[in-house]
Structures are given as C-alpha cells and as structure tokens.
Amino acid sequence: MSKAHESGSRQQLFLMLSAIFLTNAIIAEFAGVKIFSLEKLLGLAPAQLPFFGGQKLDLNLSVGVVIWPLVFLVSDLINEYFGRDGVRKISFITAGMIAWSFLVVLAGTGVPPADFWLDLNNADPAGNPFDINYAYTSIFRAGLGIIVGSLTAFLVSQLIDAYAFHYLKALTGSKKLWLRATGSTVISQLIDSFVILFIAFYVLGNWSMQQVLQVGLVQYTYKVSLAILLTPLIYIAHWGIDSYLKQKKA
C-alpha cells in the first residue's frame, strides 16, 4: 500500500474516533443539567452511606456522566494511535464546538417565543398551568454554568490524561494497555469530577460544598469503576483497529 493510501486510512480512523468523541462530549454537556438518583433507577432504598460531618451519602449522578466513560475510552484510543498531539487537537476542537453550541442555545433562550407555541404547551399532563418558555430557558441556562465549569475541567483533565497515558506508555511500551488506560483515567477524572461541579454548581449555582463533594465522589467512583469494567472493550477496540489498518495495508 502506498504511503498516501496508508495516510488516508489513518485519517479515516482519526475522523471516526473524533466523531464519536465529539458527539458524546456534546451530548454529555447538554444532558448533564439533570441529576438523577441511581437508587430510584434501580428500585433500591437510599444508600445513606456515611459521609463527612455525620452526613449521609446517596448515589446521585449527573445524566451526562453516564456516557462520559465512553469519551475517555475513545480518548485513550486516540492517544494510543495518534499520540498527545491527536488528543490535544480533538480536545480543543471539542471545547470550541461545545462553546459554540451553548452560544447558539443561549441566543435561543433570548428570542421571544411564538404565541401559538406557548398556547399549545400551556399545560402539563395533569392539566396544571405550564410555562414552556420558562422551562426551556431554565434548563438551557442552567447548562451555561456547566459549560464554564466543564470546559475548564474538560481541557485540564484531557491534557493531564494525555500526558499520564503517554508517560505510562513510555514505561510499559506496547504492553499493559489496561494500565495506561485505567491509570490515566484515575488521575484525570479526579480533577474533572470535582472541578466541573465546583464551578458549575457552587461558584455559579446554588449548591453547598457538601453537595459538590457528595456528588463528585459518587461520579468519580462511577467513572473509575466503569473504566475498569470497560477494560476488555478497549482491548477489543484495539484489536479491531489493528485489523482494520492491516486490512487496508494489505
């Protein structure tokens, strides 16, 4: 295979991984406004785990966090095949697209609503008065705090993840993919899980520091646990990419 053909195959691979990364990152930002109860979802009683100051910890998560492990799994694959430069490139592109998305949505919350739209949606399922424009504005503007916090946390954690991944790869060579994938996640997500909540919901929101620490701890535990559980998936993806590149080369 010519060098041009091989380069084209790698470009297609980078484009595909970047599309998955970008799409899931933007979805996570918009969906992250809602905090849900894992206990209620699973039909369990509140966990009420011991926490600082005699408080109890329930298992509450941001909806956006649910798919976030997929984002850093793809980030690890980009790091594996395209190095730190590849991760930095897609991280800055994604940050720019997230910022642009929220500027568009912010503008959307400021335009006057059509009367027929308000009339068609003026009651909830129970028949109670409902202001859909207020709901729309409240939900999306709540996301603006998340965007400030998440862009900061996202870029810092992604760059740390890339350097940690690269450092572990330098130590292990081509072996122990699980170590550099999981190890970089353990380090980077410690920052991401707490910084975004602190800025979005404490500095720019109405949460207490206790709520930030509680939700941050649950989210960090979830991310690390799922990163470990997804270890076989990164090996499968690695095998599939290698097979794809060899097939193209043949």
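This is a predicted model: local features need pLDDT of at least 70, side-chain atom pairs count only at pLDDT 80 or more; totals for chains, interfaces and linings use all residues.

Two helix pairings get a closer look here: α7 with α8, and α4 with α7.

**α7 against α8**

- Helix α7 covers residues 177-203 and helix α8 covers residues 209-229; their axes come within 9 Å and cross at roughly 155°.
- Angles over 145 degrees count as roughly antiparallel, so that is how α7 and α8 run relative to each other.
- The handedness of the α7 and α8 crossing is right-handed.
- On the α7 side, the residues meeting α8 include Val186, Leu190, Phe194, Leu197, Phe198 and Tyr202.
- From α8, the partners include Met209, Val212, Leu213, Leu217, Tyr220, Val224 and Ile228.
- Sorted by class, the contact of α7 with α8 holds 15 nonpolar, 6 polar and 2 charged residues.

**α4 against α7**

- Here the axes of α4 and α7 sit 10 Å apart, at an angle of about 130°.
- That angle makes α4 oblique to α7.
- This crossing of α4 and α7 is right-handed.
- Trp68, Phe72, Asp76 and Glu80 are what α4 brings to the contact, and they meet α7 residues including Leu177, Arg180, Ala181 and Asp192.

**Nonpolar cores**

- The largest nonpolar core has 30 residues, and Leu17, Trp68, Leu77, Ile78, Phe82 and Ile241 touch the most other members.
- At least two residues of this core come from each of α1 (3-31), α4 (68-110), α6 (132-172), α7 and α9 (231-249).
- The largest share, 14 residues, is supplied by α4.
- Ile78, setting aside neighbours within four places in sequence, is in contact with Phe14, Leu17, Ser18, Gly83, Gly86, Val87 and Ile90.
- There is also a second, separate core of 8 residues, with Ala153, Ile196, Ala200 and Trp207 among them.

**Thr109**

- Thr109 belongs to helix α4.
- With a relative accessible area of 7%, Thr109 is buried, because the cut-off for buried is under 20%.
- Not counting residues up to four places away in sequence, Thr109 touches Tyr136, Thr137, Phe140 and Arg141.

How values were computed. Residues are numbered from 1 along each chain as its sequence is written. Side-chain values use heavy atoms; hydrogens and water are left out. Axes are lines fitted to C-alpha atoms, for helices over the stretch in contact, and angles run from 0 to 180 degrees between N-to-C directions. Helices (H or I, at least four residues) and strands (E, at least two) are DSSP runs, numbered from the N terminus. Angles under 35 degrees count as roughly parallel, over 145 as roughly antiparallel, 65 to 115 as roughly perpendicular and the rest as oblique. A crossing is left-handed if the near helix is turned anticlockwise from the far one by less than a right angle, and right-handed if clockwise. Contact means heavy atoms within 4.5 Å. Ala, Val, Leu, Ile, Met, Phe, Trp, Tyr, Cys and Pro count as nonpolar, Asp, Glu, Lys and Arg as charged, and the others, Gly among them, as polar. A nonpolar core is a set of buried Ala, Val, Leu, Ile, Met, Phe, Trp, Tyr and Cys residues joined through side-chain atoms within 4.5 Å. Buried means under 20% relative accessible area, exposed over 50%, partly exposed in between (1.4 Å probe, protein chains only).
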